[in-house]
Amino acid sequence: MKQFNSTAYDNLSNFVFGNALHPIQLANGMSIGGGLVYPEINFTLPTMLITKDTMPEVINNYKEILEAICTRARELQVPGFVAEIETLPPMTETPAWGIEVCKTVVDIIKEHEAKHGIKGAVRITPNDIREGNGLEHMWRGWHWEQMMKTFEGCANAGADFLAIETVGGKEVHDEAIMYCDIAKSIFALSVLGCADMNKTWTEIVNIANKTNTIASGDTACGFGNTAMVMAEKNYIPKVFAATVRVITGVRSLVALECGAKGPHKDCGYEGVYIKAITGTPIAMEGRTAACAHLSPIGNIAACVADLWSNESVQNIHLLGGIAPLVSFEQLAYDCRLMNTATEKGQALMLRDIHADSDSRLNPQAYVLRPDVALDISKEIVKVHGHYPRAKKAAELALAYMKTGYENGELELSDREQTWLEKLAETVDDLPNDVEAFIAEVKDECEKFDPKKYDM
């Protein structure tokens, strides 16, 4: 596995949107992280059943979406875009359906590129179906095989990027969120999650190499975003969710350690840490993701983005047109603004305005500040091993939030301050040795089945 023992960035002035130290060059001339921010449009079906009988309707939905987006891209003179297909569970369970959807999207983009010069790329994100009572094992059996068939089939159908939202450890992490148990969170992310990432991404990278596609990146959406949404509903403390967010960076880094090249996937806000450490381009989502979920990080998410995304929007009709088309236009104008700022030498000013507008108001935004993320990343990579790094990430997140509050840079309620101290004490008391940590935590996890992880 590749080792990251130092951050890719030393200078904060180079850590900005649209520019990555290791851009991804595509055959059609698009360079992700090579100077421009491109829109990455994510879309899904309206509420409907997906069966053999409804597949023609499914395909017609994707055709309608892509024809509209490609046409609008030409009208807005968009220099390029990425279309992400997140397969719905039936499309992974029956790989032929997901592959057909992927081929439909690829063919339409290629047709518009040939006729009108509209540059586009496709990211395929098979739904991780490894959940439920029928799961035999995380890395073998029917669920695993269907996922890998979907990856390879979609790669052969013309997808440019391979991505996934792995769920290894999620059954434990959901419990950790419910009880604000930071020890279980670290166990789920660094022990179970990293083990799953290692197995899954080794196989994805093998498929990418075999099919001449790009293994892009993962996202801890099911971990970090679940905590974020729960915090926004005031079910759990915001400082807990912010700490989880930083820890997720350790987990998602494993994809890059296994050979993924980026761009990191949009709904993983930990991408800021991935870019700081690896220099690979990242996709991010913020205010434009309100169609899928609300968040306290609508502007700061754009600070170092190389692709700007909308999370996912259903194909329903709005006054302006179908919802994916409306989302695409919003993304296109945001990207035009960021690219014009770069052209005029004002990228750093816009980056800092994005950061300052959010970071004081919520700890979940504060830990995504480019300066904070880069400083924390520099300390994380000095530590070796997934569990030690996750423990260090938690310590640093809590320490920086405390310092930010004390310096008047971060607002925290009395409740949040109390939880900040409580979490810091808990993390400080965790064992340094990973085996001692596992022995201390694993038996407390009600839904954890060690056999499914070869433990």
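What follows is a chat about a predicted model of one protein.

Colleague: Before we get into details, what kind of model is this, predicted or experimental?
Modeller: It's a predicted model.

Colleague: OK. How many helices and strands does the protein have?
Modeller: The secondary structure comes to 16 helices and 12 strands.

Colleague: And the overall dimensions? What box do the C-alpha atoms fill?
Modeller: Roughly 60 × 55 × 40 Å, taken along the principal axes.

Colleague: What share of the residues is buried?
Modeller: Buried residues make up 61% of the 455.

Colleague: Let's go inside. Which residues touch the most other members of the largest nonpolar core?
Modeller: Phe-81, Phe-187, Trp-201 and Trp-308, out of 150 residues in that core. Helix 6, residues 182-211, gives the largest share, with 15 residues. Another core lies apart from it, with 11 residues, including Ile-24 and Phe-161.

Colleague: How many aromatic pairs turn up in the whole structure?
Modeller: A search finds eight. Take Phe-187 and Phe-448: the ring centres are 5.5 Å apart and the planes are at 85°, so that pair is edge-to-face.

Colleague: Why would I say that pair ties together separate parts of the sequence?
Modeller: Because Phe-187 lies in helix 6 while Phe-448 is in the segment after helix 16 (434-441), so the pair links parts that are 261 residues apart in sequence.

Colleague: Are those two buried or exposed?
Modeller: Phe-187 is buried, and so is Phe-448. They also belong to one aromatic cluster, along with Trp-139, Tyr-387, Phe-437 and Tyr-453.

Colleague: Val-172 was on the Phe-187 list. Which residues of helix 5 are buried?
Modeller: In helix 5, residues 170-179, the buried ones are Lys-170, Val-172, His-173, Glu-175, Ala-176 and Ile-177.

Colleague: What do the buried residues of helix 5 pack against?
Modeller: Helix 6, helix 7 (221-232) and helix 8 (238-257). Watch the backbone just after helix 5, too: Cys-180 takes a positive phi of about 50° there.

Colleague: Changing topic, where is Asn-315?
Modeller: In the loop between strand 10 (313-314) and strand 11 (317-318).

Colleague: Buried or exposed?
Modeller: Asn-315 has 6% relative accessibility, so it counts as buried.

Colleague: Which side chain does Asn-315 make a polar contact with?
Modeller: The side chain of Glu-64, at 3.0 Å. Beyond its sequence neighbours within four places, Asn-315 is in contact with a set of residues that includes Thr-44, Asn-61, Ile-322 and Pro-324.

Colleague: Last one: where does Asp-428 sit, and is it buried or exposed?
Modeller: Asp-428 is in helix 15, residues 414-428. At 56% relative accessibility, Asp-428 counts as exposed.

Colleague: And how far is Asp-428 from Glu-395 in space?
Modeller: 7.4 Å, C-alpha to C-alpha, with the two 33 residues apart in sequence.

Note on methods. Residues numbered from 1 in each chain as written. Predicted model: local features only at pLDDT ≥ 70, side-chain atom pairs only at ≥ 80, totals over all residues. Heavy atoms only, no water. Helix = DSSP H or I, 4+ residues; strand = E, 2+ residues; numbered from the N terminus. Buried < 20%, exposed > 50% of the residue type's maximum accessible area, 1.4 Å probe, protein only. Polar contact = N/O pair within 3.5 Å; in protein donor to acceptor, adjacent residues only side chain to side chain. Contact = heavy atoms within 4.5 Å. Core = buried A, V, L, I, M, F, W, Y, C linked by side-chain atoms within 4.5 Å. Phe/Tyr/Trp six-rings, centres within 6.5 Å; stacked < 30°, edge-to-face > 60°.
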